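Biologist: Hi! Could you walk me through this one? I'm new to it.

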Amino acid sequence: FMDKIRNMFSCSPKNSRELAEVAKGLEEQMLKIGRVLDTRWVASSLMAVKAVWTDFKALYNHFIEASEDKQRDSKQRSTYKGLCSTLSSTTFVHNLALMFDALEELSDLSLQLQKSSLNLIQAHSDVTLLIKVFENRVENMGRRSVEAKIAIDDLMFQDVKLCVRSKIPSIPEKQFYRSLANNLTSRLLSSSSNAAEHYTKIMNDIKVIHPMYWPKDLSITYGECEIQRICDRFKISSSQDIIRDFRHFKQGRKPMLSG
């Protein structure tokens, strides 16, 4: 559906101007993005889905008017009629809400992982936290999905009458969130049971590098065993040089937390 809208309006200046008049935010996003859920464009996909959600009524009214516009050829009117039929289906509203909730979470994670101040431990924590959120969503709907359910029960969303159309496939919510959780889990170094214990040890060793994890009473040799294990793990031969630099680093920094 998103691809159809994008193709229709990006290829026609007239259609693009009309869309801009009724839904400015949607027009801007549709001309910027490619496919929704392309992993390179999570944030842009979120903006497009959000624009459709926000401008739902205006978009529907535009499709209705265009489908009845005699100045358009029959092919265009038929296309607009099909878009209108899809947009006003209960399944589309369900899918749109589901995508909105999921993309919002994924976009937030993406932005967090792009921060230059982020370290490996914090990144792992952020990913693990989102996995738990998606696992929770298997049984507990997101905010937009709750709104969509109410609208579907009432057969009315943003003053647009909804219809049940069996030909439009519905995204199975529980399976969708399980898949997202599993996909994120598979990208962690600790995804396999055999690697989990080893991964935990690596994370604990890496913590000694970050002052936020230092104890209050910091000895001059604190963390050197961990540094040595890290060097061994990644086959770094100059471990003694690194340990010496680490001692200088500790002398120049004060621990941020006691523990």
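Modeller: Let's start with an aromatic cluster: Trp-53, Phe-56, Phe-100 and Phe-157 form one together. This is a predicted model, where local features need pLDDT of at least 70 and side-chain atom pairs count only at pLDDT 80 or more, while totals for chains, interfaces and linings use all residues. Residues are numbered from 1 along each chain as its sequence is written, and side-chain values use heavy atoms, with hydrogens and water left out.

Biologist: How many aromatic pairs does the structure hold?

Modeller: There are 9. Rings of Phe, Tyr and Trp (its six-membered ring) pair if their centres lie within 6.5 Å; planes under 30 degrees apart count as stacked, over 60 as edge-to-face and the rest as tilted. One of the pairs is Phe-56 with Phe-157, edge-to-face at 4.8 Å centre to centre and 75° between the planes.

Biologist: Which parts does that pair tie together?

Modeller: Phe-56 lies in helix 5 (residues 56-67) and Phe-157 in strand 1 (residues 156-157), so the pair links parts 101 residues apart in sequence. Helices (H or I, at least four residues) and strands (E, at least two) are DSSP runs, numbered from the N terminus.

Biologist: Is Phe-56 buried or exposed?

Modeller: Phe-56 is buried, with a relative accessible area of 0%, and Phe-157 is buried too, at 6%. Buried means under 20% relative accessible area, exposed over 50%, partly exposed in between (1.4 Å probe, protein chains only).

Biologist: New topic: what sits over the ring of Phe-100?

Modeller: The charged end of Arg-144 does, 3.9 Å from the ring centre. For that label, NZ of Lys or CZ of Arg must be within 6 Å of the ring centre and within 35 degrees of the ring normal.

Biologist: And which residues have the most contacts inside the largest nonpolar core?

Modeller: Phe-56, Leu-87, Phe-134 and Tyr-177, in a core of 40 residues. A nonpolar core is a set of buried Ala, Val, Leu, Ile, Met, Phe, Trp, Tyr and Cys residues joined through side-chain atoms within 4.5 Å. Helix 7 gives the largest share of this core, 11 residues.

Biologist: What is Phe-134 in contact with?

Modeller: Leaving aside neighbours within four places in sequence, the contacts of Phe-134 (heavy atoms within 4.5 Å) include Leu-106, Tyr-177 and Leu-180.
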